[in-house]
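Here is a short briefing on side-chain contacts, written for a reader who likes to have distances and angles at hand. Please keep the viewer open as you go through the points.

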Amino acid sequence: MHMSIDSYNKMNTIMAACFDANAVVDNLAYNLDYHYFNEIAEVVHLHVAHVMPEWADLFSEELLMLSARPVRKNINGYEQEISNLTEIFNVLLETFLSLKQQVKELIESADMDGDDEIRIFGEEFLKNHLEKFIKQAEEWINASSVLSPAEMNIHIKQYTHFIAC
């Protein structure tokens, strides 16, 4: 294994956090569908929730590249009903900000441990993936505060500028 045990553990924890984020976002999409925000649900489900396992795969591939074994940790289930669009987007933002904090801790720890490959991987993940989704969640929060829920549902793609849709 070409990394410290701390980097190894943090990488596996973040990989689990990506799978957990998938569960969170799936629940948000289910809420959106349930409350007839079908256009928003489609965007959130296909272009956000489905990306989270891809992010987990990036971490597992990096672990394997550095001769470390990825492990699948437990994730939570999510059952909370949310009908308010701004609240849904705030949960999305909080999920991404939590993930960002974990990645920043990985970067800092890897830097201290001399795990340059892990530090660079973490920095690139923040820049090339996570920042866009944070900004997108912020755009949706803003749009949901100035549009009616029906307008937001109809025009969701017009308020999706930072992620592929």
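**Charged and aromatic contacts**

Aspartate 111 has a relative accessible area of 45%, which makes this residue partly exposed. Please bear in mind that the model is a predicted one. Its side chains form five salt bridges, and by the ring-centre rule there are seven aromatic pairs.

**Salt bridges around arginine 119**

- Aspartate 111 meets arginine 119 in a salt bridge, with 3.7 Å from N to O.
- Aspartate 116 also forms a salt bridge with arginine 119, at 3.9 Å from N to O.
- These two residues, aspartate 116 and arginine 119, sit three residues apart in helix 5 (residues 116-146), so about one helical turn separates them.
- Glutamate 123 joins arginine 119 in a salt bridge as well, and their closest N and O atoms are 3.3 Å apart.
- Here the spacing is four residues within helix 5, which means that about one helical turn lies between glutamate 123 and arginine 119.

**Aromatic pairs**

- A pair of aromatic rings is described by how far apart the centres are and by the angle between the planes.
- Among the seven aromatic pairs is that of tryptophan 55 and phenylalanine 96, which counts as tilted because the planes meet at 55°, with the ring centres 6.2 Å apart.
- This pair links distant parts of the chain, as tryptophan 55 belongs to helix 3 (residues 51-65) and phenylalanine 96 to helix 4 (residues 85-113), 41 residues apart.
- Tryptophan 55 is buried at 2% relative accessible area, and phenylalanine 96 is buried at 1%.
- Another tilted pair is formed by phenylalanine 89 and tryptophan 140, with 5.4 Å between centres and 35° between planes.
- Phenylalanine 89 is in helix 4 and tryptophan 140 in helix 5, so this pair ties together parts 51 residues apart in sequence.
- Both partners are buried: phenylalanine 89 has a relative accessible area of 0%, and tryptophan 140 has 1%.
- Which residues do ring pairs link into a cluster? They are Trp55, Phe59, Phe96, Phe121, Phe125 and Phe133.

**A charge over a ring**

- Arginine 72 places its charged end over the ring of phenylalanine 19, at 3.6 Å from the ring centre.

Key:
Residues are numbered from 1 along each chain as its sequence is written. This is a predicted model: local features need pLDDT of at least 70, side-chain atom pairs count only at pLDDT 80 or more; totals for chains, interfaces and linings use all residues. Side-chain values use heavy atoms; hydrogens and water are left out. A salt bridge is a side-chain nitrogen of Lys or Arg within 4 Å of a carboxyl oxygen of Asp or Glu. Buried means under 20% relative accessible area, exposed over 50%, partly exposed in between (1.4 Å probe, protein chains only). Rings of Phe, Tyr and Trp (its six-membered ring) pair if their centres lie within 6.5 Å; planes under 30 degrees apart count as stacked, over 60 as edge-to-face and the rest as tilted. A charge sits over a ring if NZ of Lys or CZ of Arg is within 6 Å of the ring centre and within 35 degrees of the ring normal.
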